[in-house]
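User: I am new to this structure and would like to learn how to read it. Please take me through it one feature at a time.

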Amino acid sequence: MPKPLLFLALLGLAACSAAKDDTASSRSTKAPVARNTVVDCPLYDGMKKESTQLMAVTSGTEVQVMDTVDQYFVKVRATNGGKTETGYMYRTCFNGSR
């Protein structure tokens with residue numbers, strides 16, 4: 001590989017690594033974001049179909065999204081009947097979730 005192309009390839013790799021490090025470190029410093037559910041969804045204690053349902057969250061309920069865990073789940077804090085629970089909900093419970 002010619003030296004200029006090798007240099008550009010290494011430079012691109014370094015830029016990707018730096019960008020990944022920046023996003024990972026800033027994620028933990030973000031405050032929870034209030035969101036309203038658009039459909040009725042369960043709040044689970046884990047991220048599996050077999051996970052225990054902590055509560056049912058009804059359409060229009062405001063929850064605090066604490067982290068975008070993966071492509072399917074977000075970690076949320078919700079209050080139901082005066083009791084606050086922290087668990088996981090499907091991203092599809094929210095309009096426009098990423």
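User: Let us start with one residue. Is Thr-86 buried, partly exposed or exposed?

Analyst: The general idea is relative accessible area: buried means under 20%, exposed means over 50%, and partly exposed lies in between, with a 1.4 Å probe and protein chains only. Thr-86 counts as partly exposed because its relative accessibility is 38%. This residue is found in strand β6.

User: What should I know about the model before going on?

Analyst: This is a predicted model, so local features need pLDDT of at least 70 and side-chain atom pairs count only at pLDDT 80 or more, while totals for chains, interfaces and linings use all residues. Residues are numbered from 1 along each chain as its sequence is written, and side-chain values use heavy atoms, with hydrogens and water left out.

User: Which residues is Thr-86 in contact with, beyond its neighbours within four places in sequence?

Analyst: Contact means heavy atoms within 4.5 Å. Leaving those neighbours aside, Thr-86 is in contact with Leu-54, Met-66, Lys-75, Val-76 and Arg-77. Take Met-66: it is 20 residues from Thr-86 along the chain, and their C-alpha atoms are separated by 9.2 Å.

User: How many helices and strands does the protein have?

Analyst: Helices (H or I, at least four residues) and strands (E, at least two) are DSSP runs, numbered from the N terminus. Here there are 1 helix and 6 strands. Their order from the N terminus is α-β-β-β-β-β-β.

User: Which strands does β5 join, and how do they run?

Analyst: Two strands pair if DSSP finds at least two bridges between them. Strand β5 (residues 73–80) runs antiparallel to β4 (residues 62–67), with 3 bridges. Asp-67 stands opposite Lys-75 of β5. On to β6 (residues 83–90): 8 bridges join β5 to this strand, again antiparallel. There, Val-76 stands opposite Gly-87 of β6.

User: What links these strands along the chain?

Analyst: Hairpins do. The one from β4 to β5 passes through 5 residues. The hairpin of β5 and β6 has 2 residues between the strands, and Gly-81 takes a positive phi near 60° there.

User: Which residues make up the largest nonpolar core?

Analyst: A nonpolar core is a set of buried Ala, Val, Leu, Ile, Met, Phe, Trp, Tyr and Cys residues joined through side-chain atoms within 4.5 Å. The largest one has 12 residues: Cys-41, Leu-43, Met-55, Val-57, Val-63, Val-65, Val-74, Val-76, Ala-78, Met-89, Cys-93 and Phe-94. Two or more come from each of β2, β3, β4 and β5. The most come from β5, with 3 residues. In general, side chains in a regular strand alternate between the two faces of the sheet.

User: Does a loop residue count as buried or exposed? Take Ser-51.

Analyst: Ser-51 is found in the loop between β2 (41–44) and β3 (53–57). It counts as buried, because its relative accessibility is 15%. Leaving aside neighbours within four places in sequence, it is in contact with Tyr-44, Asp-45 and Gly-46.
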